[in-house]
Every structure is written in structure tokens, then in C-alpha cells.
Amino acid sequence: MKFKMLSECTIEEAVIAWNRGFEGYFVKIEMTPQSFMNRIISEGISLDLSRVLFDENEPIAIILNGFRITKAGKKIAWNGGTGVAPAYRGKGSSKLLMEETMRIYHDEGVDIATLEAIKENEKAIRLYEKYGYQITDRLVYLNGVLKQSENTPIPIISKSIRPEQLQMIPFYNENVPWQCQWQSAKEGEAQIYHDENQSPLGYSLFRKVWNLEGKLEKVLLYQIELLNDVDEKTIYPAILENIAKDKSTSTTFIAINFNLENPISQFLLENGLHKTIEQVQMMK
């Protein structure tokens, strides 16, 4: 067996490795060449520091790695997917992938390594724990149509900005899962909220998806962060109403990797959304 950098592989080899690696997985994440490249670009995956494992000329396993620098100058690595073809599972291929990745992280001077794993995937969680990862958070995907809130939304002032501008506001939270950071949502939108006295309330990061008729079909929520001294039960309806701005249709909201203990997750669960996937966030 031998490793190749992702940059050395054809797109066909990479997609074969991915689809074989996640065959029979807890959720279906089969890729096409287009969707695979979209993932590489949107999530900032390094082509040179990701690996595909070959048995002779057959791609049989893959691990994707992304790297970012925090405001404090820390280098963070993200494992964006570790998959092994069914015929090679339980035969040491996962160990090869992890040891190669740990070597890469060491050589790159990584300070913090992160990943997410499906809560039920106990085998993978044990593997990551073996290499020093610890569970730090419980995350959920939420999906559904919001019911009418019983709380009257408070008046708020919103300012639309580009996602990359979020990093400039002092209360931006960069300590969120990789796919919820502004760098992974450059095609989305962001809003900053103030009350009537111009005091800051918080911000949101999201992306709207429109149907062929030009109507809002769904909203992908990446972050809704509030300052500590605001009333969540009245501000959340105002923010969500401000994001959708389309009361003529029933808009589906999808919250991506929200912290299960975050008050916004509880609010969404109490107001029409339901859990679709639960994950653990792990850190080394």
C-alpha cells in the first residue's frame, strides 16, 4: 500500500476513494466529481496535505485535512473525512491514515486538531481517542419549518455584511465547528443586530437557497450568536424573521452543527425543528 497526496490524484481516483470509504456509512454522503470539488473549495481542504491510500492502483481510503490560523495565532487542523473501503476495514488501514495524519500535523506545527464524528459511530470515536482526541461538545443538525412563536419579536436593527467581515467584530465567536466558521460560508450572508439604542445584540451567519420560481426554499443556519445580556426568547424570533423576510411561504430552516446545549438549539427544537443527525466534536 502507498499514500498519494490528493493533489497527485485524478478527480476520479479521489471520488472513488471517498465513495468507497463512506460506503454503508451512517448517513449517505456519496459524492460526484462536482460535489467533491465544491467540498474541497468551500471547506478549505489542502490538496497537498490530504491523502489517498492505494492498494496497487486501486484507491481504497482517504483522509481530508484543512488548516486555519486563529486570531490568537494558533494553527488549527480539521479532519474533514476519514473513510476506508469496506473490504479493507478492520485490517489496519484506519491506523495508517491516522498515523500519516498525525505526522503531517506534527510537521505543520499544528496546535489544535479537531473533527466531528457521528454519535453512534463508536468505533471511529474509539480510534480518535486512541490518538489523543477528546470529546468536547455535542452537536446537532436540526431541520424543519418554524412554527409561529408565542413571543412577540422585539424591534431590532440589522446590518447586512459579508461573511468575511464577521472576523472584524469584537464579539465574533471563532470557536465553532469548522463548517460553521465564516471561511466555510463565504457564499452565504451575515447580519449584525442592534437594539433601538444602537447597543449590539449579536449576529448571524446563514445561506439562503431559492427554488426555480425565485421563492425562498430553505435557510442554512451556521451561527446565531447573542451577547450574554439579551433576552433569547424575544430576540430569536426577531432574528429568524429578519433572516427569512418571506412570510408568503413555509421556509425550511436547517441548523448545521449547532451546539446541543446552546439556547438557540433548544429554541429551534421547541418551535418546530427536529434533530436529524447528532455528532460529537473532538479535539486534540
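Predicted model: local features only at pLDDT ≥ 70, side-chain atom pairs only at ≥ 80, totals over all residues.
## Salt bridges

A salt bridge here is a side-chain nitrogen of Lys or Arg within 4 Å of a carboxyl oxygen of Asp or Glu.

Take Glu108 and Lys75: their side chains meet at 3.2 Å, N to O. The pair ties together distant parts of the chain, 33 residues apart. Glu108 sits in the loop between helix H3 (93–107) and strand S5 (112–118), while Lys75 belongs to strand S4 (residues 75–84). Lys75 counts as buried because its relative accessibility is 19% and the cut-off is under 20%. Glu108, at 31%, is partly exposed.

Glu164 is partly exposed at 31%, and Arg162 is partly exposed at 38%.

Then there's Lys275 with Glu278, where the closest N and O atoms are 3.3 Å apart. Lys275 is partly exposed, with 42% relative accessible area, whereas Glu278 is buried at 9%. Both belong to a salt-bridge network that also takes in Lys119, Arg138 and Glu261.

## Strand S11 and its partners

Strand S11 (residues 252–259) is mostly covered, with six of its eight residues buried. S6 (residues 134–145) runs antiparallel to S11 and is joined to it by six bridges; Val140 stands opposite Phe258 of S11.

S10 (residues 216–226) runs parallel to S11, with four bridges between them. In that pairing, Leu221 has Ala255 of S11 as its bridge partner.

Definitions and conventions
Residues numbered from 1 in each chain as written. Heavy atoms only, no water. Buried < 20%, exposed > 50% of the residue type's maximum accessible area, 1.4 Å probe, protein only. Helix = DSSP H or I, 4+ residues; strand = E, 2+ residues; numbered from the N terminus. Pairing = 2+ DSSP bridges.
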